[in-house]
Amino acid sequence: FITKTRDVYKYTHDQTVRLANAGHTPREIADLVKLPKSLASYPNTRGYYGDLRHNVKAVYQLYLGAYDGNPANLNPLPPQESAKRYLEVIGGADKAVAAAQAAYDKGDFRWAAELLNHAVFGAPDNKAAKDLLARTYEQMGFMSEAATWRNSYLTAAQELREGPPKKGVDRSALIEMLYHTPIDRFLEAMAAGLNGPDAEGKDLKVNLVLTDLKTSYVLWIENAVLHFKKAPPDASANATLTLTKPIFIKMMAGTAGVKDTLLSDDLKIDGSKIDLVRFFSLIDKAPGTFQIVTK
């Protein structure tokens with residue numbers, strides 16, 4: 001088992017690098033690399049979770065980045081704008097759907113999906129395009145050995161038929177797990193959620209004091225970037241937020257109520273409350289309801 005697993009990884013790596021050195025692009029390599037029979041026929045190295053075509057692209061990206069060497073892909077148009085122009089050339093969404101239907105009837109689902117992707121992005125109100133793309137993704141999902149690919153295709157089909165999810169992940173269900181997550185991870189997530197354009201020109205500094213952990217952090221915005229460090233409270237900070245880790249986690253998860261904040265003896269604000277609100281208002285919270293295949 002260990003030998004076969006070792007050789008799957010090494011074969012994937014070495015053959016990707018060989019083909020990349022020969023000038024092939026990630027999409028080409030994904031179609032070129034095939035496992036030898038000795039590995040492909042071994043049950044424990046089958047792509048039930050990952051997929052060989054996906055993994056070779058990751059190897060390519062590790063060494064060469066996302067750019068495939070073709071200048072047309074250096075600065076391509078955004079998907080929706082590109083799709084509109086493709087439809088103009090094709091002659092409209094209806095012609096694209098007709099061509100995709102012919103491909104679908106032949107079992108050429110990859111080409112059907114490519115055509116219909118342009119139709120859905122370029123003409124989002126075209127129901128025929130959405131319906132056929134949903135059926136196409138459904139077939140591709142049923143044909144996928146990898147569970148990850150199957151889930152992606154079937155989720156896409158569901159979105160085309162029913163729209164994106166109405167509600168994101170309920171973070172309250174993860175509270176118990178979050179209690180065991182180091183504070184640094186939350187602060188890193190906050191930094192990754194800072195709205196850069198809105199933060200431009202802002203100069204704010206906040207002390208975060210966690211009484212139950214007997215530790216404190218200084219958070220500051222500089223060059224539209226949120227930085228933090230474990231340190232004693234900075235006297236020059238705009239505000240100091242003193243609280244316990246459980247309350248902080250509830251705030252980050254969006255489950256903190258009035259009792260946890262305004263009425264709690266475990267939360268205190270010193271300095272400018274307005275600046276504290278300004279600081280936290282710059283942190284976006286991903287809704288988890290964005291569209292994947294229809295926008």
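Is Thr-25 buried or exposed? Select Thr-25 in this predicted model; the residue sits in the loop between helix 1 (2-21) and helix 2 (26-32). Thr-25 has a relative accessibility of 15%, so it counts as buried, the cut-off for that class being under 20%. Show what surrounds Thr-25: leaving out residues up to four places away in sequence, Thr-25 touches Tyr-60 and Asp-68.

**Helix 5 against helix 7**

Next select residues 79-90, which are helix 5, and residues 109-122, which are helix 7. The two axes are 8 Å apart, and the helices pack at an angle of about 110°. Helix 5 is therefore roughly perpendicular to helix 7, a label that covers angles of 65 to 115 degrees. On the helix 5 side, display Pro-79, Gln-80, Ser-82, Ala-83, Lys-84, Tyr-86, Leu-87 and Ile-90. On the helix 7 side, display Leu-115, His-118, Ala-119, Phe-121 and Gly-122. Sorted by class, this contact between helix 5 and helix 7 has eight nonpolar, four polar and one charged residues.

Stay in helix 7 and centre on His-118. With a relative accessible area of 17%, His-118 is buried. Residues up to four places away in sequence aside, His-118 touches Ser-82, Ala-83, Tyr-86, Leu-87 and Ala-123. Of these names, Ser-82, Ala-83, Tyr-86 and Leu-87 are also on the helix 5 side of the contact with helix 7.

**Helix 6 against helix 7**

The axes of helix 6 and helix 7 come within 8 Å and cross at roughly 165°. The two helices are therefore roughly antiparallel, and their crossing is left-handed. From helix 6, pick Ala-96, Val-97, Ala-99, Ala-100, Ala-103 and Tyr-104. From helix 7, pick Phe-109, Trp-111, Ala-112, Leu-115, Leu-116 and Ala-119. What classes of residue make up the contact of helix 6 with helix 7? The contact has 12 nonpolar residues, with no polar and no charged ones.

**Helix 6 against helix 8**

Helix 6 contributes Val-97, Ala-100, Gln-101 and Tyr-104 to the contact. Helix 8 contributes Ala-128, Ala-129, Leu-132, Arg-135, Thr-136 and Gln-139. By class, the contact of helix 6 with helix 8 has six nonpolar, three polar and one charged residues. Val-97, Ala-100 and Tyr-104 of helix 6 are named both in this contact and in the contact with helix 7.

**Aromatic rings**

Colour the aromatic side chains. Rings whose centres lie within 6.5 Å count as a pair, and the count comes to six aromatic pairs. For one of these, select Phe-186 and Phe-248: the ring centres are 6.1 Å apart and the planes stand at 80°, so the pair is edge-to-face. Phe-186 lies in helix 11 (residues 183-192) and Phe-248 in helix 13 (residues 245-253), so the pair ties together parts that are 62 residues apart in sequence. Both partners are buried: Phe-186 has a relative accessibility of 10%, and Phe-248 has a relative accessible area of 1%. For an aromatic cluster, select Tyr-137, Trp-149 and Tyr-153.

Go back to helix 11 and select Ile-183. This residue is buried, at a relative accessible area of 5%. Apart from neighbours within four places in sequence, Ile-183 is in contact with Leu-210, Leu-213, Tyr-217, Lys-245 and Phe-248. Draw a distance from the C-alpha atom of Ile-183 to that of Tyr-60: the separation is 34 Å, for residues 123 apart along the chain.

**The loop between strands 2 and 3**

Finish at the loop between strand 2 (215-222) and strand 3 (225-230), where Asn-223 is found. Ala-224 is in the loop between these strands as well. Most residues other than glycine have a negative phi. Asn-223, however, has a positive phi of about 55°, and Ala-224 has a positive phi of about 60°. Asn-223 counts as exposed at 70% relative accessibility, whereas Ala-224 is partly exposed, with a relative accessible area of 23%.

Key: Residues numbered from 1 in each chain as written. Heavy atoms only, no water. Contact = heavy atoms within 4.5 Å. Helix = DSSP H or I, 4+ residues; strand = E, 2+ residues; numbered from the N terminus. Nonpolar A, V, L, I, M, F, W, Y, C, P; charged D, E, K, R; others polar. Phe/Tyr/Trp six-rings, centres within 6.5 Å; stacked < 30°, edge-to-face > 60°. Buried < 20%, exposed > 50% of the residue type's maximum accessible area, 1.4 Å probe, protein only. Axes fitted to C-alpha atoms, helices over the stretch in contact; angles between N-to-C directions. Parallel < 35°, antiparallel > 145°, perpendicular 65-115°, else oblique. Left-handed = near helix turned anticlockwise from the far one by under 90°.
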